[in-house]
Amino acid sequence: MDLNERLSRFKLQQERCQASLSTIAAARTPPAAAAPKPQPYAAAPRPAPARPPAPLPAVRFSDDTARLQKMHAVRTSAVGSQIKDVIELLYRTRRALTAREINDATYVDIERNGAVFDSLRKNPKVCFDGRCFSYKPTHSVTGKDGLLALIADCRDGIPVKEVEDAYPSVLEDLQALKSSGDIYWLSGEQDNVYPNDPRSRLELDTELKKLFKEIKLPKDMLDIEKELRRNGEKPVTVKRRPAEQILGKKPKPLKSRKKPRGLTSRSKITNVHMPELFVLPMDTKDFI
């Protein structure tokens, strides 16, 4: 009986709560709309049980081991090696980079390494404006037109090494200028480029060309070198040979050195009258 009384009381409380909620809802709604009648003995809906939050993925040190090992190897390396990495980055990107951007790309911490910072600031291939670092080429040329103007100003030619770091496609532009006839590119121990001045393009007389072709040169390079030396010119295209062979002089015979002879009956021996100097004592008592 106790259980039935409690159940009836609970149902009565539920009805009262439903009635109160209906009254509050009717007071908030406009008067034209009819409030829905609460249904007696309606059980209140139970809220769905809340799901537990998903656990966050655990951060493991081993996931970043390779990057940390490389960072440690770079920052503990020699100062020259770190400077080389930075200059190669600046040469490859050709952009002004801050110390933080260089650190992200090469792991070289310029802000905390004073030796690296001072060396980069004084390096002739690095330009530092107080905030960013950039590559500084030998000649500030950015395109084919500027490259042609630079070569035109150098009447005696300019080495290719001095302009090959001006910008990434400078070698392709040199080949294009050579193909178009604007410059001469001479290869040798050191490649040089020369301007092709239009004023030097002269039309030669046919008779002069004919005379030039009729000149017969000696077949032996030795004779050519001899003629050049007679005219006061120093040949540089032939292999050096002894002056006697070039000028036709007979080489002087070399004096043969006499071999040293051993002792013979004619050899003179000094101190023969003191034979005791040539006899070694058998016992140290002889010296006392």
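Close-up 1. The structure, a predicted model, holds five salt bridges, a salt bridge being a side-chain nitrogen of Lys or Arg within 4 Å of a carboxyl oxygen of Asp or Glu. One of them links Asp-118 with Arg-121, whose closest N and O atoms are 3.5 Å apart. Both residues belong to helix H5 (residues 114-122), where they are three residues apart, about one turn of the helix; helices (H or I, at least four residues) and strands (E, at least two) are DSSP runs, numbered from the N terminus. Local features need pLDDT of at least 70 and side-chain atom pairs count only at pLDDT 80 or more, whereas totals for chains, interfaces and linings use all residues of this predicted model. Residues are numbered from 1 along each chain as its sequence is written, and side-chain values use heavy atoms, with hydrogens and water left out.

**Close-up 2. The open sheet of three strands.** The strand order is S4-S6-S5, with antiparallel pairing, where two strands pair if DSSP finds at least two bridges between them. Strand S4 (158-159) and strand S5 (183-186) stand at the edges with a single partner strand each, so one side of each is left without a neighbour in the sheet. Two bridges pair S4 with strand S6 (residues 192-195): Ile-158 stands opposite Val-193, and Pro-159 stands opposite Asn-192. S5 and S6, which run antiparallel, are joined by four bridges, and Asn-192 in S6 is the bridge partner of Leu-186.

Close-up 3. Helix H6 (residues 144-153) lies across S4, S5 and S6 and runs at about 85 degrees to S6. Helix H7 (residues 170-179) also packs on the sheet, touching S5 and S6, and its direction makes about 115 degrees with that of S5. Contact means heavy atoms within 4.5 Å; axes are lines fitted to C-alpha atoms, for helices over the stretch in contact, and angles run from 0 to 180 degrees between N-to-C directions.

Close-up 4. Helix H4 (residues 99-106) gives the largest share of the lining, four residues. The lining residues include Arg-75, Asp-109, Glu-111 and Arg-112.

How values were computed. On a 1 Å grid over the protein atoms alone, a cavity is a set of points where a 1.4 Å probe fits but cannot get out, and a pocket is an open set with protein on both sides within 12 Å along at least five of seven lines; lining residues have an atom within 4 Å of a point.
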